[in-house]
Amino acid sequence: MTPKEVIALAADKQVRYVDLRFNDFPGTWQHFSVPVDALEIESFEKGFAFDGSSIRGWKSINESDMLVVPDPATAFIDPFAKHPTLVLIGDVKDPITHQEYARDPRSIARRAEAYVASTGIGDKVYIGPEAEFFIFDDVRFEDGTNHSFYRVDSVEGAWNTGRDEGPNLGHKPRSKGGYFPVPPVDKYQDLRTEMCLNLEACGLKIERQHHEVATGGQAEINFRFAELTRCADNLMIFKYVVKNTAFRSGKTVTFMPKPLFADNGSGMHCHWSIWKGNANLMAGEKYAGLSDEALFAIGGILKHAPALVAFTNPTTNSYKRLVAGFEAPVNLAYSARNRSAAIRVPMGDSSPKAKRIEFRCPDPSSNPYLAFAAITMAAMDGIQNKIHPGEPLDKDIYDLPPEEKARVPSTPFSLAHALDNLERDHEWLLKGDVFNEDLIRNWIEYKRVNEVDPVRVRPHPHEFALYYDI
């Protein structure tokens with residue numbers, strides 16, 4: 001869509017306000033709105049000024065003036081606004097130099113795409129994420145000096161089989177039993193369909209929707225893959241639409257990776273491929289129909305995974321899901337069908353155009369612009385340096401003898417560990433000025449100060465069960 005077409009769309013839909021959106025550092029959408037009369041052809045070059053000093057991880061108060069420059073290709077009509085509202089996603093730029101702000105996540109994604117093209121290896125990177133989430137009826141949490149608690153609830157929760165619901169009609173998915181019986185066990189078929197319809201109205205092409213493994217309303221909706229930056233845009237639209245559709249129905253959605261104990265967490269398997277012209281560089285005659293480039297990309301991701309997960313699994317809660325011996329793929333190996341490996345080669349469609357690799361560690365708490373860019377930079381490092389991943393691991397990793405299992409490396413066991421790895425291993429992210437030292441240092445410091453340390457110094461409720469009577 002061109003700027004002229006965006007303005008015509010606003011007129012056709014009788015838009016009253018334009019909502020300008022961009023990502024903060026951790027990955028939450030921020031926005032402000034302007035009257036539709038303020039949107040002109042020149043706006044797509046000049047941008048709109050705002051104060052960036054209060055955005056998490058961004059500029060200090062003495063250098064706070066910034067611009068958001070809308071991308072006309074991102075335009076859609078907000079399905080939740082009371083008054084007709086046009087949404088535009090933008091890039092953040094310096095108001096004096098008009099250069100991209102180095103800490104703007106979307107700008108980093110765009111630089112990753114530009115870097116891939118500059119290498120001559122390929123000209124397009126496609127990403128297809130599968131973001132899982134939970135639909136709850138109620139969520140409460142609080143912590144203080146002398147108390148801490150959380151509680152989530154769902155009419156689907158297996159823990160509610162004995163609750164007086166006036167009446168309790170049963171048909172609740174068992175723990176790990178949500179994949180995927182029909183209604184009435186699945187309570188959210190209609191709500192997920194409504195989410196899909198709203199997503200389609202915002203321009204996303206939906207491929208499927210279903211209940212996920214966990215009890216208590218775990219769900220998955222898949223939308224079609226897209227080029228790197230556009231896919232990250234789509235994931236932000238996806239989160240916004242899913243949350244607001246649920247909210248409008250009196251439900252609440254979370255993309256938190258592990259909100260329930262003793263049941264599956266929410267992952268975000270990422271399908272990745274690189275193309276040159278009309279040729280998919282993933283397809284070849286090697287293992288599972290892969291090319292050398294695909295194997296080298298796998299090698300790069302596996303080599304850098306201990307640092308890479310600092311972006312793809314960026315919360316302390318992420319590592320409640322990434323636990324060896326449970327459901328998440330923590331094993332740094334690859335396989336054609338083994339879902340316990342960190343990288344899987346999907347085999348459902350044998351056509352060369354469909355060939356891709358699936359990185360299964362990431363979760364939907366990540367900032368998609370940073371996560372997709374980092375995955376791409378790891379894969380590109382593998383291709384450029386011909387990092388072979390070794391032999392595939394087609395056995396069931398969970399059934400390996402202990403001595404053989406010990407030889408399979410795994411992901412870090414905590415966010416603190418992942419950040420330490422990122423601190424040691426990040427030169428591959430600096431190529432083409434996609435990431436820079438300032439951004440990486442700021443990311444590590446922000447995560448340590450605002451997330452790792454606050455969780456580390458707080459007593460955990462389960463510690464009372466373990467230790468109070470010592």
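1. Strand S3 (residues 48-51) has a covered face, formed by Phe48 and Phe50, and an uncovered one, formed by Ala49 and Asp51. Strands here are DSSP E runs of at least two residues, and helices are H or I runs of at least four, numbered from the N terminus. In a regular strand the side chains alternate between the two faces of the sheet.

2. The model is predicted: local features need pLDDT of at least 70 and side-chain atom pairs pLDDT 80 or more, while totals for chains, interfaces and linings use all residues. Residues are numbered from 1 along each chain as its sequence is written, and side-chain values use heavy atoms, without hydrogens or water.

3. S3 runs antiparallel to strand S4 (residues 65-70), to which 4 bridges join it; pairing requires at least two DSSP bridges between the strands. Alanine 49 has leucine 67 of S4 as its bridge partner.

4. Serine 107 lies in helix H3 (residues 105-119). Its relative accessibility is 0%, so serine 107 counts as buried (under 20% relative accessible area; exposed is over 50%, partly exposed in between; 1.4 Å probe, protein chains only). Beyond its neighbours within four places in sequence, serine 107 is in contact (heavy atoms within 4.5 Å) with Asp91, Val92, Glu100 and Tyr101.

5. Helix H8 (residues 368-384) is largely enclosed by the rest of the structure, because 16 of its 17 residues are buried. Just after H8, lysine 386 takes a positive phi of about 50°.
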